[in-house]
Amino acid sequence: MKPQHSDPTVQPVPAAVTAAVDAADVTLSNPKWAVLALGANLGNRLETLQGTVDALEDTPGLRVKAVSPVYETEPWGVEPGSQPSYFNAVVLVRTTLPPSSLLERAHAVEEAFHRVREERWGARTIDVDIITYADVVRDDPVLTLPHPRAHQRAFVLAPWHDVDPDAQLPGHGPVADLLAALGTEGVVPRPDLELRLPE
Ligand SMILES: Nc1ncnc2c1ncn2[C@@H]1O[C@H](COP(=O)(O)OP(=O)(O)OP(=O)(O)O)[C@@H](O)[C@H]1O
Ligand SMILES: Nc1nc2c(c(=O)[nH]1)N=C(CO)CN2
């Protein structure tokens, strides 16, 4: 500890700043698991999904640990036949980024693939959703964790179950049970298509 007031130009560091830096430091030395859901229904859907996986891997402080099979899925939440089908997949990552930075990175990747936000659940080149971040539960509309609609979406649960059959959705229970209850109508595996795990 340095003696206090030895340099009159040095201002004390506010407690809130010290707490924020300490919190960041804990995250830095303690990577967390996160589950990201990818969806694409415009353009070259497979190429965009692979580009997204690669861009995520290129993120400092983030490693892609598993990539799910690809599913072709009927658009959920919109008038049937009003949009092209989606390709969906899930990636498991380990990251030292805090949740807010992970969301910023997800949005940056969407922008890189020219995602346009017009209407809710509109067609898009790519969507990157944070499904879970460790076992964090929070109600903030900017970043709700787990993703507030994940438990209703077989296009998220099916690929997630493939890469982690024992996965749990915080607040909702085992992914296997949620998926069994929902069923997989309109969520079709595409074993002819494959995403590569970055080397
Ligand atoms: N877990 C989350 N993952 C991604 N975005 C989230 C999450 N929780 C809240 N959001 C917020 O939701 C906003 C809208 O996200 P987005 O445009 O991806 O929605 P959407 O994909 O059309 O619909 P949905 O949220 O139902 O998947 C984002 O700007 C983000 O701030
Ligand atoms: N099949 C499918 N439907 C959707 C998807 C998606 O990724 N796949 N994403 C949505 C908004 O996140 C809305 N509807």
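A residue is counted as near a molecule or strand if its C-beta atom, placed from the backbone, lies within 6 Å of that molecule or strand. The views below show a predicted model, in which local features need pLDDT of at least 70 and side-chain atom pairs count only at pLDDT 80 or more, while totals for chains, interfaces and linings use all residues. Residues are numbered from 1 along each chain as its sequence is written, and chains are lettered from A and ligands numbered from 1 in the order in which they are written.

**View 1. The surroundings of ligand 2.** Ligand 2 is surrounded by Gly39, Thr73, Glu74, Pro75, Trp76, Gly77, Tyr86, Asn88, Trp121, Asp127 and Phe155. By class, this shell holds five nonpolar, four polar and two charged residues, where Ala, Val, Leu, Ile, Met, Phe, Trp, Tyr, Cys and Pro count as nonpolar, Asp, Glu, Lys and Arg as charged, and the others, Gly among them, as polar.

**View 2. The chain as a whole.** The chain has five helices and eight strands, where helices (H or I, at least four residues) and strands (E, at least two) are DSSP runs, numbered from the N terminus. Read from the N terminus on, the elements follow the order α-β-α-β-β-β-α-β-α-β-β-α-β. Of the 199 residues in the chain, 34% are buried; a residue is buried if 20 or more other C-beta atoms lie within 10 Å of its own, exposed if 12 or fewer, and partly exposed in between, with C-beta atoms placed from the backbone.

**View 3. Strand β1 and its two partners.** In β1, seven of the nine residues are buried, and the strand is mostly covered. Strands β1 and β4 run antiparallel and are joined by nine bridges, while β1 and β5 pair in the antiparallel sense over six bridges; two strands are said to pair if DSSP finds at least two bridges between them. On the β4 side, glycine 39 has asparagine 88 as its bridge partner, and on the β5 side, leucine 38 stands opposite valine 128.

**View 4. The largest nonpolar core.** This core has 46 residues, of which Leu36, Leu38 and Val91 touch the most other members. The elements β1, α2 (45–57), β2 (62–67), β4, α3 (99–112), β5, α4 and α5 each supply at least two of the core residues, and the largest share, seven residues, comes from β4. Here a nonpolar core is a set of buried Ala, Val, Leu, Ile, Met, Phe, Trp, Tyr and Cys residues joined through C-beta atoms within 7 Å. Leaving out residues up to four places away in sequence, leucine 36 touches Val90, Val91, Val93, Ala106, Val128, Asp129, Ile130 and Ile131, where two residues are in contact if their C-beta atoms, placed from the backbone, lie within 7 Å.

**View 5. Helix α4 and what covers it.** Eight of the 10 residues of helix α4 (residues 154–163) are buried, so this helix is largely enclosed by the rest of the structure. The buried residues are Ala154, Phe155, Val156, Leu157, Ala158, Pro159, Trp160 and His161. Their cover includes β1 (32–40), β3 (71–73), β4 (86–95), β5, α5 (175–182) and β8 (187–189).

**View 6. Helix α2 and valine 53.** The 13 residues of α2 reach 19 Å from the first C-alpha to the last, close to the 18 Å expected at 1.5 Å a residue; the expected span is 1.5 Å times one less than the number of residues in the helix. Its buried residues are Arg45, Thr48, Leu49, Gln50, Thr52, Val53 and Leu56, and they pack against β1, β2, β4, α3 and β5. Valine 53 is buried, with 22 other C-beta atoms within 10 Å. Apart from its neighbours within four places in sequence, valine 53 is in contact with Val64, Val67, Val91, Leu195 and Pro198.

View 7. Most residues other than glycine have a negative phi, and most peptide bonds are trans. Alanine 134, however, has a positive phi of about 45°, and the peptide bond from leucine 145 to proline 146 is cis, with omega near -10°. Alanine 134 is partly exposed, with 15 other C-beta atoms within 10 Å.
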